[in-house]
Amino acid sequence: MTTTTQTPVLIVGGGYAGLASALFLAHQGVRCVLVDRHPGGSILGRARGINPRTMEIYRPLGLEAAIKEAGRPFDGESGVARCTTLLDEWHWIFDADAPRALPHLTAGEFGLADQSTMEPILARAARERGAELRFDTQCESVDDGPDGVTVVTRDRTTGERRTYLAQYVIAADGYRGTIRQRYGIGRTGPGVQRSYVSCVFKADLSDIITRRAMFWILGDPVTGALVSHALPHHWGLGLSYDPATESPDDFTDERCAETARRLIGRDVPIDIVGRAAWEEAAYVADRFRAGRVFLVGDAAHVWPPAGGLGANSAVQDAHNLAWKLAAVLAGRASDALLDTYEAERRPVALELADLTVRSQAARFGPNPGEDPLDAVLCVLGQRYTSAAMIGPGPGAVFGDGVEQHARPGTRAPHLWLDHDGRRIGVHDLFHDSFVLLTDSEPWAKAAADVEGVRAYRIGADVIDVEHAWRSRYDGAAAVLVRPDGYVAWRGEGDPAALAGVLGRVLLKQ
């Protein structure tokens with residue numbers, strides 16, 4: 001029996017990119033269905049770290065407290081250490097005392113939750129907002145039609161097939177996903193850098209590890225990397241291998257346990273909980289859009305884990321795309337707005353792919369001090385150039401530092417604000433509509449008459465507690481900020497022009 005269902009957006013893939021897409025779409029009021037072939041989330045403690053930009057995105061959705069709680073098992077961790085075994089001397093190649101908060105740049109603080117603890121938070125939040133998540137469900141085909149995209153799925157438990165008629169499809173099916181290939185989208189980059197088998201094992205290392213790093217690079221030459229896990233006494237170990245001479249099947253539980261003991265440096269009892277094979281690769285898709293189909297996360301780009309930028313970029317892809325899909329589906333924007341997803345996110349992906357390849361090579365090579373990655377700039381300094389903004393663009397993806405000036409295409413400069421007696425960051429205001437920041441009553445009144453814009457008067461609706469508004473927003477009468485927190489336009493002159501400006505940003509005019 002086959003059931004046919006219509007949905008505005010169907011998402012294929014239930015990892016970080018897919019779950020974030022479902023959450024952000026549902027938050028925007030867009031009905032969506034997510035399908036994933038796995039029965040649930042991964043137990044592997046991968047994708048450690050919620051960077052400050054991603055936390056900025058989660059904060060206005062009310063997720064910060066849950067994310068901090070999920071990261072509590074990792075609270076005592078910081079820095080990256082290299083050693084031959086855990087019993088040998090540790091050489092810190094990443095500052096063990098690096099701050100998690102950057103209050104001069106953002107209200108978002110670095111969080112240590114990993115994929116195994118974040119996926120349930122995202123899934124719960126998406127369902128609470130109305131997203132339909134169907135795990136243990138295989139996507140069998142994706143075909144274009146005159147009225148949308150036809151997707152056939154199969155429940156892997158019952159065998160039931162469903163046909164979905166979607167206006168748009170988000171391909172969040174990962175590095176090995178088939179939808180990209182189905183649409184003939186190639187990818188470029190240096191390719192596979194290393195092959196790994198990761199395992200989760202249980203062992204009491206409390207008398208060996210007395211100071212916890214975010215992860216350890218182990219072996220001489222480097223053999224693998226160790227990370228802690230949210231479950232007590234559980235650890236994740238990634239072991240590199242040469243696919244020309246070995247395969248993942250060669251990594252039995254016994255071999256993984258033996259290798260773990262060698263890298264620990266002591267014969268300790270070890271129980272292998274799970275294993276998975278993966279490749280450290282660097283590719284960027286040649287296109288992020290094929291008609292009604294969009295690639296996000298690892299389906300669009302993949303790179304080494306240096307800097308923890310992969311999963312965070314997947315979330316930021318989804319955030320960039322979701323508000324644009326919502327605007328088009330509601331008839332507020334032209335379909336051409338959806339082209340700006342690729343125009344904005346692909347150049348970022350190309351830059352990060354290059355940086356992370358060089359960073360990973362430095363960290364695992366003989367000269368870790370040659371790491372080229374500026375973590376703060378890569379996280380908070382990404383800049384866009386596209387038609388979804390008015391005014392001269394910033395040019396290069398990254399400048400010399402994180403800009404604190406409101407220019408079209410830049411992330412809105414951080415402000416600490418008092419809102420109804422509560423201290424917030426300015427990015428807490430950006431999530432479900434365009435926001436007009438102004439200290440002018442006429443501009444605020446003009447915004448009240450424009451659908452899809454919410455105004456905040458500096459000094460009235462919100463208080464600029466550090467008096468940074470005029471300097472960081474360059475004395476503009478009004479600044480229009482997109483739902484993703486990026487500056488769309490800076491205004492002067494007649495407030496009546498606001499409606500036309502929004503139409504131009506949404507590519508309706």
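Let's start with Asp 432, which is partly exposed, with a relative accessible area of 34%. Keep in mind that you're looking at a predicted model. Asp 432 has a partner: Arg 454 forms a salt bridge with it, and the closest N and O atoms are 3.1 Å apart. Where do the two residues of this pair lie?

Now hop over to another pair. The side chains of Arg 470 and Asp 439 meet in a salt bridge, with 2.6 Å from N to O. Arg 470 belongs to helix H11 (residues 469-472) and Asp 439 to the loop between S19 and H10, so here the parts being tied together are 31 residues apart in sequence. Arg 470 is partly exposed, with a relative accessible area of 43%, and Asp 439 is partly exposed as well, at 36%. Elsewhere, salt bridges that share partners join five residues into one network: Arg 59, Glu 64, Lys 68, Glu 109 and Asp 428.

How many salt bridges does a search of the whole structure find? The count is 36. One of them is worth a stop: the side chains of Arg 482 and Glu 344 meet at 2.8 Å, N to O. This pair links distant parts of the chain, since Arg 482 sits in the loop between S22 and S23 and Glu 344 in helix H8 (residues 339-364), 138 residues apart. Are these two buried or exposed? Both Arg 482 and Glu 344 are buried.

Look at one pairing in detail: strand S22 (residues 478-481) and S23 run antiparallel and are joined by 4 bridges. Within that pairing, Val 479 has Arg 490 in S23 as its bridge partner.

Strand S9 (residues 187-202) and strand S13 (residues 271-285) run antiparallel, with 13 bridges joining them. You can pick out Ser 198, which stands opposite Ala 276 in S13. S13 also pairs with strand S16 (residues 301-302), again in the antiparallel sense, over 2 bridges. There, Val 284 has His 301 in S16 as its bridge partner.

Last stop: Asp 114. Find it in the loop between strand S4 (91-94) and helix H4 (115-128). Why does Asp 114 count as buried? Its relative accessible area is 0%, and buried means under 20%. Its side chain makes a polar contact with the side chain of Ser 116, at 2.8 Å.

Notes
Residues numbered from 1 in each chain as written. Predicted model: local features only at pLDDT ≥ 70, side-chain atom pairs only at ≥ 80, totals over all residues. Heavy atoms only, no water. Buried < 20%, exposed > 50% of the residue type's maximum accessible area, 1.4 Å probe, protein only. Polar contact = N/O pair within 3.5 Å; in protein donor to acceptor, adjacent residues only side chain to side chain. Pairing = 2+ DSSP bridges. Salt bridge = Lys/Arg side-chain N within 4 Å of Asp/Glu carboxyl O.
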